[in-house]
Amino acid sequence: MDLALSLDAPVIGDIREALALAGFSRTFHGEDAPPVTHYNLADDAGFYAEFLAPLHRGEIKRNGKRDVAAAKAGITAQKLRHLDLLLIAQWSVQLGQEVKIPLERCADVLLPNPVSFLVQKLLIHDKRQPNKQAQDVLYIHDTLELFGGAQDELRSVWTDQVRPQMPDKTARQAQKLARTLFEEVTDTVREAARMPPDRSLSPEVLRGTCQYGLSQILLA
């Protein structure tokens with residue numbers, strides 16, 4: 001689960017302390033300072049929270065080190081470009097006992113709409129580390145597979161809500177990537193197909209699903 005963090009907004013309290021009280025522990029990734037950090041839930045090895053913050057400048061700091069993370073309120077947030085897209089036309093989901101989430105009170109959670117999620121993944125692809133590229137490709141595939149029956153609705157979200165709020169150059173770049181990124185099976189696609197331990201996913205099926213789904217939503 002990725003959680004967006006505004007570096008400019010005031011934060012009350014220590015988020016790290018609240019995570020620890022809720023049973024989360026930290027794992028560090030990479031050799032950067034501060035490192036990219038995952039917050040793992042102790043009784044669920046497959047679940048972790050990751051905080052994200054916007055990257056507005058170059059990836060390299062003046063001292064020559066990569067600008068990949070920021071620290072605030074006791075937690076470390078990974079910096080990524082185009083996070084503003086995830087705030088467009090957000091979906092509201094209510095979590096609670098009715099959907100088998102053990103919360104004392106229902107909570108309304110804002111989530112990125114699938115189109116904004118897909119477009120952001122496309123736009124940051126070239127800047128990601130190889131293992132993250134493969135992970136993002138799998139996310140693109142799984143999102144398209146999950147919402148494959150709602151292509152008309154997602155196309156409307158793109159044309160009516162997401163694209164009008166993007167600079168024209170950025171929107172055209174996203175469409176170009178939708179056309180070219182999955183033209184052939186690459187090493188990244190092969191690695192993405194190997195990632196799910198509980199599924200037998202062929203690289204060609206993954207590539208075809210991504211190419212067709214993106215074309216129907218962003219290029220139709």
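A residue is called buried when its relative accessible area is under 20%, exposed when that area is over 50%, and partly exposed in between, as judged with a 1.4 Å probe and with protein chains only. By that rule, 38% of the 220 residues of this chain count as buried. The structure is a predicted model, in which local features need pLDDT of at least 70 and side-chain atom pairs count only at pLDDT 80 or more, while totals for chains, interfaces and linings use all residues. Residues are numbered from 1 along each chain as its sequence is written, and side-chain values use heavy atoms, with hydrogens and water left out.

**Overall build**

- The chain holds seven helices and eight strands, where helices (H or I, at least four residues) and strands (E, at least two) are DSSP runs numbered from the N terminus.
- If a contact is taken to mean heavy atoms within 4.5 Å, then 62% of the contacts between residues at least 6 apart in sequence join residues at least 24 apart.
- The accessible surface of the chain comes to about 13200 Å², and 52% of it belongs to carbon and sulfur atoms; such areas come from the Shrake-Rupley method with a 1.4 Å probe, and for residues only the protein chains shown count as cover.

**Nonpolar cores**

- In soluble globular proteins, nonpolar side chains tend to be buried together.
- A nonpolar core is a set of buried Ala, Val, Leu, Ile, Met, Phe, Trp, Tyr and Cys residues joined through side-chain atoms within 4.5 Å, and the largest one here has 32 residues, with Val 115, Val 119, Trp 158, Leu 206, Leu 214 and Leu 218 having the most contacts inside it.
- At least two residues of this core are supplied by each of α2, α3, α4 (151-162), α5 (168-180), α6 (187-194) and α7 (203-219).
- Another core, which lies apart from the largest one, has nine residues, among them Phe 51, Ala 53, Ile 75 and Ala 77.
- When neighbours within four places in sequence are left aside, Leu 206 is in contact with Val 137, Leu 138, His 141, Val 189, Ala 192, Ala 193 and Leu 201.

**Helix α2 and its cover**

- Helix α2 is mostly covered, since 10 of its 11 residues are buried, including Pro 114, Leu 118, Lys 121 and Ile 124.
- The cover over the buried residues of α2 includes β6 (75-80), β7 (91-95), α3, α4, α5 and α7.

**Arg 128 and its partners**

- Arg 128 lies in the loop between α2 (114-124) and α3 (130-146), and because its relative accessibility is 11%, Arg 128 counts as buried.
- The side chain of Arg 128 makes a polar contact with the side chain of Asp 136 (2.9 Å); a polar contact is a pair of N or O atoms within 3.5 Å, where within protein one must be able to donate a hydrogen and the other to accept it, and residues adjacent in sequence count only if both atoms are side-chain atoms.
- Beyond its neighbours within four places in sequence, Arg 128 is in contact with Gln 78, Leu 80, Lys 121, Gln 133 and Asp 136.

**Salt bridges**

- Side chains of opposite charge can pair when their charged atoms come close.
- A salt bridge is a side-chain nitrogen of Lys or Arg within 4 Å of a carboxyl oxygen of Asp or Glu, and a search of the whole structure finds nine of them.
- Asp 136 and Lys 121 meet through their side chains in a salt bridge (3.3 Å, N to O), which links Asp 136 in helix α3 with Lys 121 in helix α2, 15 residues apart.
- Both Asp 136 and Lys 121 are buried, and Lys 121, Arg 128 and Asp 136 are linked in a network of salt bridges.
- The side chains of Arg 199 and Asp 142 also meet in a salt bridge (3.0 Å, N to O); Arg 199 lies in the loop between α6 and α7 and Asp 142 in helix α3, so this pair ties together parts that are 57 residues apart in sequence.
- Arg 194 and Glu 191 form a salt bridge (2.9 Å, N to O) through their side chains, and both lie in helix α6, three residues apart, about one turn of the helix.
- Arg 194 is exposed, with a relative accessible area of 57%, whereas Glu 191 counts as partly exposed at 33% relative accessibility.
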